[in-house]
Amino acid sequence: MKKKIMINFKKAKMKSYFLISVFMVMCLSISAQDKKWSLRECVNYAIENNLSIKQAKFDAETAEQDIIDARGNFLPTVSGSASQSYNFGSFIDQNGGRISRDSRGNSFSMGTGVTIFNGFRNTNIYKQSKLGLKSSQIQLSILIDNISLNIANAYLNILLNKENLKVAIEQIEITQKQINQARAFVDSGVRARSTILEVEAQLATDNERLVNAQNSVNLSLLNLAQLLQIAHKGFDVEDIILEVSSLAIAYDNSDDIYNIAETKRPEIKRANLDIDNSDLSIEISKSAFLPSLSFSAGLGTSYQHSQGQEDVRPEVQINDPNDPNDDALIFVPNGFGQQLEDNLGYNFGFSLSVPIFSGFKNKSNVSKARINKEKSQLRLEEEKQTLRSNIEQAFADAKAALNQYLASESSVKLQQDALLNAQERYSLGVINSFDFEQIRNRLINAQASLINAKYNFVFKTKVLDFYTGKSLTD
């Protein structure tokens, strides 16, 4: 009775393993019904929607406004003002006389000014603003490149995990066939019942490998969805068949790649722009030693009203030009419009400023600007050294990945032949299930190494293409 219960338990356990396998396959078929993203779609979506890229685009737009601001330094400024005032008690009116009555008044003025010369400071600031726009655009390009490379890596990682998942499913199918074969051997009396237990234990291991493989697929999909900053539910990517029948590195040596990258990589372009910007900063600092000339002009008028009185002004009326005693003092209207017209005045002038001594501040600013240029030159050399080191490392990694792939490919072929031979020997009863599983596990490990080596090589070659300016989505 105990033996029968144990057998039923084993069958139930086997059934649960089988259901797990079926569930995994169903999950794959369900996810296949959702939209599958291509690598190009992933990269394009990130470029359009990534928050960091959007921030960098705003920085570029801000730099465009800096150009408009710098261009405005060449234009005259115009300003206007108006005031309303109330006076109580004694004060000097607009005619220069002292009066002692309450009044109110208005004044209006407009002025303009323009810098004629300030040591080419405005010119160099304008040039700097244009370099700032180029630098912002290059920074945006660097960010897009880095995000695109990360997405390509995450995408290939999904494909790698999916291939491992397929291998895990295939191994379960093989083990299930082996169980059926073991049962036939046991029923015919060729093998002991322990043979079934050994193969069932292998099936449990295969199911565990399947669960781990599915988890790896799910986690890699989640990682890419997070990079794209979208919901991961239902997210999946297109399956790409990578042709690796004639793997080779497209470049003979790392120097060829560096020579191309040195002229194309945005990091180098940005470092060169920093040097140009430093030259302009030196010229701007030197402008403080030169005189500056500006022009200004303006106009103004006013109106004043005594509270409780009419707007009038005294005027001498001459009745007889030949008789000085025949003059009469009369009051004529002096309203708002009349006062504005009578009080209207104009002015213009030039202003020349010549620096004589600034407490060595100007000299210090020039020295600092020259030091910053030297630092920019060092940063350029540092960027070049970093670029060369990265390319040399990427080239070495690509060569190593290629050698690893070729070795793994040869190992898989040998392990496949060994497994076919082991299957024949197992069918004939020459070897037991334990020895057979050892040979099969070696094939599984070799297949996993081959898959890893293949995608590792593909990514390393993408990195080399990245440095030469080629598209990562081709």
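How are α4 and α7 oriented to each other, roughly parallel or roughly antiparallel?

**Entry 1: ground rules.** I am working with a predicted model, where local features need pLDDT of at least 70, side-chain atom pairs count only at pLDDT 80 or more, and totals for chains, interfaces and linings use all residues. Residues are numbered from 1 along each chain as its sequence is written, and side-chain values use heavy atoms, with hydrogens and water left out. Element names follow DSSP runs, numbered from the N terminus: helices are H or I with at least four residues, strands are E with at least two.

**Entry 2: the helix pair.** I looked up α4 and α7 and found an angle of about 165 degrees, with the axes 9 Å apart. The axes are lines fitted to C-alpha atoms, for helices over the stretch in contact, and angles run from 0 to 180 degrees between N-to-C directions. That answers my opening question: α4 and α7 are therefore roughly antiparallel, a label for angles over 145 degrees. The crossing of α4 past α7 is left-handed, meaning that the near helix is turned anticlockwise from the far one by less than a right angle.

**Entry 3: the core.** Next I went to the largest nonpolar core, which has 78 residues; Ile151, Leu224 and Tyr467 touch the most other members. Such a core is a set of buried Ala, Val, Leu, Ile, Met, Phe, Trp, Tyr and Cys residues joined through side-chain atoms within 4.5 Å; buried is under 20% relative accessible area with a 1.4 Å probe, protein chains only. Elements giving two or more residues include α4 (121-188), α7 (266-286) and α9 (361-427). The most come from α4, with 21 residues. A separate core of five residues includes Leu131, Ile138, Ile142 and Leu280.

I then checked Tyr467. Beyond its neighbours within four places in sequence, Tyr467 is in contact with Ile257, Ala261, Arg265, Leu387, Asn390, Ile391 and Ala394 (contact is heavy atoms within 4.5 Å).

**Entry 4: the sheet.** Here I found four strands in an open sheet, ordered β2-β5-β7-β10 with antiparallel pairing; strands pair if DSSP finds at least two bridges between them. Both β2 (77-87) and β10 are edge strands with a single partner, so one side of each has no neighbour in the sheet. From one strand to the next, the twist averages 20 degrees.

Strands β5 (103-117) and β7 (292-306) share 14 bridges. Along this pair, Arg104 stands opposite His305, and Ser107 is opposite Ser302. Between β7 and β10 (345-353) I noted nine bridges, with Ser292 partnered by Ser353.

Note on methods: Buried means under 20% relative accessible area, exposed over 50%, partly exposed in between (1.4 Å probe, protein chains only). Angles under 35 degrees count as roughly parallel, over 145 as roughly antiparallel, 65 to 115 as roughly perpendicular and the rest as oblique.
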